[in-house]
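This report describes one protein chain for a reader who is new to structural models. Please keep the sequence and the structure in view while reading.

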Amino acid sequence: MIKNLCYDTPMKKPSPNTPCPCGSGTKYKKCCQPYHRGARPADALVLMKSRYSAYALGQSRYIIATTHLDNPDYTEDTTTWLAEIEAFSGQTEFRRLEIFEFVDGDEEAFVTFRATFGDGAMVEQSRFVREGGKWLYHSGEFPENSG
Ligand SMILES: [Zn+2]
């Protein structure tokens, strides 16, 4: 059989009453959903968790809205970018998020975390910068390749 290369995984529909993917133990509607609907995360750690949830739930517009212009993935071609995020979200099983370190600051902050997927895990140190009072994901470094 030829493997079907189409994105045949249905879009993940966020359900307000299920536990939030970020692992807080709180229902989605009381955790990351308000951010996905436009509330502003108070710090970079909250932003990081809400971005993880957004990936897990296919909230691709939130990913784009919280990515800094200087990020390597940033592109004006949002149609392609949205499709790429949604494909990644649809094909990936997001199992667990673990926060190792959070270094806060006024204009710059770092979060080191491990994300466990259905087929592996990754460790990333994310850099966030604040612009006009709004935290944005700037870039990531990968201190250890555990894939
Ligand atoms: Zn959450």
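## The sheet and its surroundings

Strand 3 (residues 120-131) and strand 4 are antiparallel partners joined over seven bridges. Here strands (E, at least two residues) and helices (H or I, at least four residues) are DSSP runs, numbered from the N terminus, and two strands pair if DSSP finds at least two bridges between them.

The model is a predicted one, in which local features need pLDDT of at least 70, side-chain atom pairs count only at pLDDT 80 or more, and totals for chains, interfaces and linings use all residues. Residues are numbered from 1 along each chain as its sequence is written. The term pLDDT stands for the predictor's confidence in each residue, from 0 to 100. The chain has an average pLDDT of 91, and 89% of the residues score at least 70. Over residues 1-10, by contrast, the pLDDT is below 50, and this stretch has four contacts in the model beyond near neighbours in sequence. Two residues are in contact if their C-beta atoms, placed from the backbone, lie within 7 Å. Where pLDDT is low, the predicted coordinates should not be read in detail.

**Overall plan.** The chain contains four helices and four strands. Read from the N terminus, the elements follow the order α-α-α-α-β-β-β-β. Of the contacts in the chain with a separation of 6 or more, 44% are between residues 24 or more positions apart. Buried residues amount to 27% of the 147 residues in the chain. A residue is buried if 20 or more other C-beta atoms lie within 10 Å of its own, exposed if 12 or fewer, and partly exposed in between, with C-beta atoms placed from the backbone.

The four strands form an open sheet with the order 1-2-3-4 and antiparallel pairing. Which strands stand at the edges? Strand 1 (94-103) and strand 4 (134-141) do; each has a single partner strand, so one side of each is left without a neighbour in the sheet. Neighbouring strands of this sheet are turned by 30 degrees against each other on average, direction ignored; the axes behind this angle are lines fitted to C-alpha atoms, for helices over the stretch in contact, and angles run from 0 to 180 degrees between N-to-C directions. Strands of a sheet pair through backbone hydrogen bonds, either parallel or antiparallel.

Strand 1 and strand 2 (residues 108-117) run antiparallel and are joined by eight bridges, and this hairpin has four residues between its strands. Strand 2 and strand 3 pair in the antiparallel sense over ten bridges; their hairpin has two residues between the strands. The hairpin of strand 3 and strand 4 also has two residues between the strands, and Gly 132 takes a positive phi near 60 degrees there. The table gives examples of residues that stand opposite each other.

| Residue | Opposite residue |
|---|---|
| Arg 96 | Thr 116 in strand 2 |
| Val 111 | Ser 126 in strand 3 |
| Gln 125 | Glu 141 in strand 4 |

Helix 2 has 14 residues and reaches 20 Å from its first C-alpha to its last, close to the 20 Å expected at 1.5 Å a residue. The expected span is 1.5 Å times one less than the number of residues in a helix. Just after helix 2, Gly 58 has a positive phi of about 70 degrees.

In helix 4 (residues 78-91), the end C-alpha atoms are 20 Å apart, which agrees with the 20 Å that its 14 residues should span at 1.5 Å a residue. The buried residues of helix 4 are Ile 85, Glu 86 and Ser 89. They cover an arc of only 95 degrees around the axis, which puts them on the same side of helix 4; the arc is that of the directions from the helix axis to the C-beta atoms. These buried residues pack against helix 2 (44-57) and helix 3 (60-65).

**Two phenylalanines.** Is Phe 128 buried or exposed? Phe 128, in strand 3, is buried, with 26 other C-beta atoms within 10 Å. Not counting residues up to four places away in sequence, Phe 128 touches several residues, among them Ala 44, Leu 47 and Trp 135. Phe 142, in the segment after strand 4, is exposed, with 11 other C-beta atoms within 10 Å. With residues up to four places away in sequence left out, Phe 142 touches Met 122, Val 123 and Glu 124.
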